[in-house]
Structures are given as structure tokens and as C-alpha cells.
Number of protein chains: 2
Amino acid sequence: MNAGPDAPQARRRLAPEARTPQILQAALEEFAERGYAGARMAAVAGRAGIAKGLIYHYFPSKDALFQATVHACTQPLFEEAERQLSGHAGSARELLGALVRMGYARISADQQERTLFRLIITEAERFPDLARFYREEMLARATAIARAVLRAGVAAGEFRPEVADMPGLAEVVLAPVLMASVWRMILGESDAPAPGVLRDAHLDLLLRGLSA
Amino acid sequence: MNAGPDAPQARRRLAPEARTPQILQAALEEFAERGYAGARMAAVAGRAGIAKGLIYHYFPSKDALFQATVHACTQPLFEEAERQLSGHAGSARELLGALVRMGYARISADQQERTLFRLIITEAERFPDLARFYREEMLARATAIARAVLRAGVAAGEFRPEVADMPGLAEVVLAPVLMASVWRMILGESDAPAPGVLRDAHLDLLLRGLSA
DNA sequence: CTGCTTATTGACCCGATGGTCAGTAACACC
DNA sequence: GGTGTTACTGACCATCGGGTCAATAAGCAG
């Protein structure tokens, strides 16, 4: 800024620890917007404000950059949910409600999560690593949380006993939240079913369907 | 050779009515496998067994070919469900069960439907036409069917009255089927949650959650 | 200030790919 | 068989985009 808002190029030397996340962020935006094949390395460089060649100083290929990009944005995804789960004291019904509400709130707010999800859907077939990553780090974690809530509800006598270990039920319970995200991707904020509306119907169906 | 199984090129002249669907089918395969940006016109021509130039005799650009491809494979999608709905005589619970079972069966069997769905998810942002098409011709039709079943169940006294007009409920009811399809896209047949397992849990939750 | 390390640039290479076009031959009609 | 229409080909063009590299300069140590 000190040299004007668009100083053409003040060549700025940064430590790799500072440059790398900058490139990854730019790459996430570009990949999200264009998909793998459509993304251009030159555009990534442009978004990061550097020359294209510099990317190859940090990543050997477009492929490697893509994988690093997806891996780089996964840590904080389930932290909040897992914290709520372990710290909760009230009824299982309340816990379920809080988690579902949190899910829909994230759908509405966090564009980065939708973006990441779409990237996985789009490219999983061509990057087997990505599919494995989704299965182990995302789907497995999410269903584990759902299953824990169901078991807690059964243990407390709030839910009917069959739901404690019904295979596939955890997936079915969280599917509507994920589909809300998909609809939002496809239709955009204005035309997709409203998250609040889906959330209320979802909770209503769940509480009636699970209760003892 | 000239009558062999791989006669190099027996130039065959076809009427446009015969050539067009052939090109569209080849394009669907190529777009499905590679996405819009990744698809190559030369590959489409190869799959169709014609020269690349001929495609431009029928479609002015890759863009136009893409839109035509998606539009061309939509008719038969909901016919079966709508037929079942209008012709059904038994209880609403049975009808719901039959429709849900049909949905999961299609997920398992029909690769073309998954393919089309992924194409829409992937490219909707860049082709607004596609988003509109999905909303009006697919989502709206599917929710209409679900709503009709819910209303029939309430009218017959099988479902509790609130579900007849709860906004968003139709979407929530069919979300697990669609997510089963998405999981199948991401994880492949071997690693995705088994459709049969999801179906049973889904039906159990629905019948308990909707019943009066 | 001097010199070393290395982050950074920008011009360049080259294969891939969307799109064009002049020529060719398959079919229909006489 | 002859003739016209047009489906069809294949060579070609221009551009785009991933990847390379020699030159450059920013920061640091002395």
C-alpha cells in the first residue's frame, strides 16, 4: 500500500512458511471456481500476486498443488461438533438439535466448506487419494458423531432402542444436511431451498422418527 | 480388411436424425468422464466414430454441444415414478415404500443418472441454464411426487396431519436417496454405503417419523 | 559495504486442443 | 449412368496453458 494501491510489482521476498499458505489459498479459490482441469496455474499465480514460475519453486506440478490444496483445509472441520459432543450435559434430543442447527448454520455461512465438498465430488474419480481422504477424514468422522448421539439417546431412554445400532441410520440422519449443501452449490443462495426451512422439517422428522 | 471388425473407415453417410443422437451419446460419456473443461472434442468424435470436423457440422461450439447433451437426457427420468403415483391403489405407506425402493434401485443400477447428476453439480455455476433446468425439471418434479404421497397419507389417516404441508419436508424426505447417489459417485461401488442398508434405515425412519 | 543464499521473475518451449475449410464421396433422383 | 446435394474427412491454424530456466535481486551474515 505504501507504494500505491496497485504497485505493479514490488518484488517481495518471503519465507516459504509465509508464501506456501498464500499459494494454497489462491489455489483453493481457483480450483473451486474452475475445477481441476479448468484451473490455470497462471491464474493461481495471479490470485497470489506472484509469477507463475514461483509456484513451481514450491510445488512440482499442478497435480501436487491440487492434492496439497485439498489436504490443507481439513483440520478445523469437525472440531466444533466433536467439542459439543464431548462437553454436552443435557438431553440427547437437545444435543441432536444443537448439532443439526450447527450443520445448517455452517452450510449457510461457510462457502469454503461447500467449495471443498464440490471439489471432492468433482474430482474424486480421478484422484483416488481424495476419495479415501473423504471416506476416512470426513464421512467416517461425521457418522461417528451421529452414532454417538443416537447411542446416548437410547442409553437415556429418549430414543427407541433399535436406533442405537441400526446400520446406515447415521448416514440417513445426516444426509439432509449434506444435500442442503449440494442444493446450495447447484442453485445458489437465492434459488436453493432455504436452510432454515429444511432444518425445521429435518428436526421434526428426526425427533418423531427416533423417539421411544 | 474392408469387411473386418475394424475396417479403418468405411465412410458412412447418415441422416442428421441418426447422427445427432449418436454424437450426443458420445458427448455424454466424454463430459461425464472428464467434466466440461476436461472433455476433448477429438475424443467425442473418436467415441462416435467420426471425424472431429463433423461435430461442427451439427453443433457450433463445445459450449453448445454441452448444453444440448444435458438437455437431451432428461425425459424418461421421472416417468416411472409418476406412473406409479397415479396408478397406485394401496396404502400411502406402501406407495412411499415402493417409491423409495425404486429410488435406491435406480441409484445402484443406472450409471447414466449419477453421471448426469454430477455433471449438473459440477457445471451449474458456469451454466446458469443448467441450474434453472435442474430446479424446474428435476427438483421440482421430485418434490411434487413426494408431496403428493405425503398428502395422500394424511388424507388416508396414515400420516400425522402436520406433514401434509410442512415446508421443506418433501426435500428432507428425498435427500437421503440423493446423498446415496452422491456417495456412490465419490466413493465408488465398493466403498460407498450400501444402498440396501441406507434404504432400510431410511424407510424405518420415515415410517416412524411420519405416522400418525 | 561485501558477498552468499535463494526467493522471485519473465521470457520461452512445446504439446494439446478448440475451431476452420477446401476437397471428397455417399446417397437420391432422374 | 449421370448429376447435384451435402454428410463427411483430414490436414491445418492459432491459441492456450503446463512446465522450464537463466538471470535477478532481496535479505542476511560478516
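Me: Which domains does the domain assignment of chain A give?
Reply: The assignment divides chain A into domain 1 (1-60) and domain 2 (63-210); such bounds come from an automatic or database domain assignment. The model is a predicted one, in which local features need pLDDT of at least 70, side-chain atom pairs count only at pLDDT 80 or more, and totals for chains, interfaces and linings use all residues. Residues are numbered from 1 along each chain as its sequence is written, while chains are lettered from A and ligands numbered from 1 in the order in which they are written.

Me: How far apart do the C-alpha centres of the two domains lie?
Reply: The C-alpha centres of domain 1 and domain 2 of chain A are 32 Å apart. Their contact takes 10 residues from domain 1 of chain A and 12 residues from domain 2 of chain A, where two residues are in contact if their C-beta atoms, placed from the backbone, lie within 7 Å.

Me: What supplies the largest share on the domain 1 side?
Reply: α1(A) does, with seven residues. Helices (H or I, at least four residues) and strands (E, at least two) are DSSP runs, numbered from the N terminus. By class, the side of domain 1 of chain A that touches domain 2 of chain A has nine nonpolar, one polar and no charged residues. Here Ala, Val, Leu, Ile, Met, Phe, Trp, Tyr, Cys and Pro count as nonpolar, Asp, Glu, Lys and Arg as charged, and the others, Gly among them, as polar.

Me: How many helices and strands does chain A have?
Reply: Chain A has 10 helices and zero strands. Its C-alpha trace spans about 65 × 35 × 30 Å along the principal axes.

Me: Which residues of helix α4 in chain A are buried?
Reply: In α4 (residues 62-72) of chain A, the buried residues are Leu65(A), Phe66(A), Thr69(A) and Val70(A). They lie on the same side of α4(A), because they cover an arc of only 125° around the axis; the arc is that of the directions from the helix axis to the C-beta atoms. A residue is buried if 20 or more other C-beta atoms lie within 10 Å of its own, exposed if 12 or fewer, and partly exposed in between, with C-beta atoms placed from the backbone.

Me: What do those buried residues of α4(A) pack against?
Reply: They pack against α1, α3 (52-58), α7 and α8 of chain A. The face of α4(A) turned away from the buried side carries the exposed residues Asp63(A) and Ala64(A).

Me: Changing topic, how many residues does each chain put into the contact of chains A and B?
Reply: The contact takes 38 residues from chain A and 38 residues from chain B. On the side of chain A, α9(A) gives the most, with 13 residues. That side divides into 23 nonpolar, seven polar and eight charged residues.
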